[in-house]
Amino acid sequence: MSERHDTQRENRLREGYERMLARLREGSSELNWETLQRELDDAVEFEAELQEYTKDELALLRAWVERDLVDLRRYLREGGRSVATWLGIDLDQLSRRVAESLLSIADRSVVDSVRLNEDLEAARADYCEGEMAVPGRMACVHCDAEVDLEGVTLIEPCHQCGHRYFVRVSQ
């Protein structure tokens, strides 16, 4: 793949990720596990009609948005202070649209904790090279090197050791 093609793909995925967050923000007033799944399915279907994505790209977009929303909700439920703290950045660095979407979704999500915890334990995955993620600080699970994602971006391998897996670092 050429560098130009990679950049175009990254831009398409970033835009799709942001549109999916915006659609979830505009969704139903109560967000539980079932409505989250249904709304994610609807957002993926909308993206499939709007852009030419492969089935793999659509599956990745869905997984990335779900992962970030679930991780954020867990953080806030466990007493986390704010979305900015979870991201490990100043919210001024986020685009207004992404920040408003995350805050809105987090504020309205009422989730059945027992079922969610069981589902999340089974579905939880580390951040991985090649995945799209919201801005913030990540740490390599292999060497603990930290990297700051400045915008919604495709995760690159660790610049220190080349490892592929990361965890979010909260301030």
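Select D41 and R62 to begin: the two form a salt bridge, with their closest N and O atoms 2.9 Å apart. A salt bridge here is a side-chain nitrogen of Lys or Arg within 4 Å of a carboxyl oxygen of Asp or Glu. The pair links distant parts of the chain, since D41 lies in helix α2 (residues 33-50) and R62 in helix α3, 21 residues apart. Helices are DSSP runs of H or I, at least four residues long, numbered from the N terminus.

The model is predicted: local features need pLDDT of at least 70, side-chain atom pairs count only at pLDDT 80 or more, and totals for chains, interfaces and linings use all residues. Residues are numbered from 1 along each chain as its sequence is written, and side-chain values use heavy atoms, with hydrogens and water left out.

Now show the surface. D41 is partly exposed, at 42% relative accessible area, while R62 is buried at 17%. Buried means under 20% relative accessible area, exposed over 50%, and partly exposed in between (1.4 Å probe, protein chains only).

Next, select E57 and R9. Their closest N and O atoms are 3.0 Å apart, in another salt bridge. E57 sits in helix α3 (residues 55-77) and R9 in helix α1 (residues 3-25), 48 residues apart. E57 is buried at 6%; R9 is partly exposed at 22%.

Last, go to R137 and E146, whose side chains meet in a salt bridge at 3.6 Å, N to O. R137 is partly exposed, with a relative accessible area of 22%.

How many salt bridges are there by this rule? The count is eleven.

Terms used. Helices (H or I, at least four residues) and strands (E, at least two) are DSSP runs, numbered from the N terminus.
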